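Here is a short briefing for someone meeting this structure for the first time. Please look over the sequence and the model before reading on.

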Amino acid sequence: MSSPVDPTSEALNEAVQAALATVIDPELRKPITELGMVDSVSVSADGRVSLAVLLTIAGCPLKDTITADAGKALSAVPGVTAVDVELKVMDQAQRDALKEQLRGPGGQRGIPFNEAGSLTKVFAVASGKGGVGKSSVTVNLACALAAQGLRVGIVDADVYGFSVPGLMGITQAPTRVDDMILPPVAYGVKVISIGMFVTGNQPVAWRGPMLHRALEQFLTDVYFGDLDALFLDLPPGTGDIAISVAQLLPKAEILVVTTPQAAAADVAERAGAIATQTGQKIAGVVENMSYLEMPDGGRMELFGSGGGAVLASRLAGMVGTDVPLLGQIPLDIQLREGGDAGVPIVLGQPATPAAEALAGIAGQLAARPRGLAGMHLGVQPR
Ligand code: ADP
């Protein structure tokens, strides 16, 4: 008497399901099996797998990646002889279900990082003036944390000098799923930038209210998922965006980047001083371009010395809490070259002193407890 279920094929089916669960949607960073993206899967008697994948939108830019990843995962299953992947597109009901799954019931439309239960550490990276390395520091800190396995996002809010996509080698545009925007991912970091919404290299001539609205839209419409850390790359100075950040993300901590130059520290002090008006915390000071290491091992202090420490102590006096100097990053041609090539130095040349200094700063940020302020801990009286 033959068994109604062929045990081999049942085991094969299970292995195929397990393999599919390892296929991660490149934008949503979740298994396609959890996202309702597997329309159907079947295994024929000769081990041929037919898979139908539902894309969020027609012409999804990452369809080739999904097809390749699914093909690779399934081909590795013993007993699978061939893989056919058919691509379909979600209908509105399926997209609505996906959005609800991602955003929660009713498709929440607030800023998720402000929710009481949010554990995301938000760092607003500020500087007094341009060119001190604020964006380079932002991307390297983000990549260093992502490389440690943390879930990280960047909002490039430097409207006048958006440079994060270039520094991360991102050319892909965000994907729009109705009113939800899926940010491109590079080195495990989800990135959204004003630069992705303007054509060519046009300047953004937006005034305060429009900037506020753009930032608000980034924070509400962009699906970042559950993040451990979110970095905002602010425009230099003490402009409207800094005030908007304080209003939209009150628990964002400010990270001030400066050079060792006394004059630069003076200007940076004004950027940091915003915190006293907005009541935000200052996470610390990062001194960049601190020195150039000479072939004989000596250090040439091109921009003077001490600016970071002076700034940290002045800010501490101003806000009345400790403000640490988190690190001093030397000048390094490879840091600039990595930025030009879209490969941050912490990933491309991790053994350089500049990369080590950046990784050290990232380590201090990661070691800080995730925000529990306002979080309901579910403690019950006995
Ligand atoms: P900002 O965001 O403050 O305008 P950027 O991060 O764009 O500054 O840096 C300005 C320029 O300086 C870039 O070309 C960058 O590669 C370079 N740069 C920044 N930090 C360093 C460093 N430590 N060593 C060498 N070049 C650096």
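Domain bounds come from an automatic or database domain assignment, and on that basis the chain is divided into domain 1 (10–99) and domain 2 (117–366). This is a predicted model, in which local features need pLDDT of at least 70 and side-chain atom pairs count only at pLDDT 80 or more, while totals for chains, interfaces and linings use all residues. Residues are numbered from 1 along each chain as its sequence is written, and side-chain values use heavy atoms, with hydrogens and water left out.

**Between the domains**

- The centres of domain 1 and domain 2, taken over C-alpha atoms, are 37 Å apart.
- The contact (heavy atoms within 4.5 Å) takes 13 residues from domain 1 and 13 residues from domain 2.
- Domain 1 and domain 2 bury about 1,100 Å² between them, 60% of it on carbon and sulfur atoms, where buried area is the accessible area (1.4 Å probe) that two parts lose on being put together, summed over both.
- Glu27, Leu28 and Lys99 supply 48% of the area that domain 1 buries against domain 2, more than any other three residues.

**Salt bridges**

- Three salt bridges (a side-chain nitrogen of Lys or Arg within 4 Å of a carboxyl oxygen of Asp or Glu) are found across the interface of domain 1 and domain 2.
- The side chains of Arg95 and Asp178 meet in a salt bridge, at 3.5 Å from N to O.
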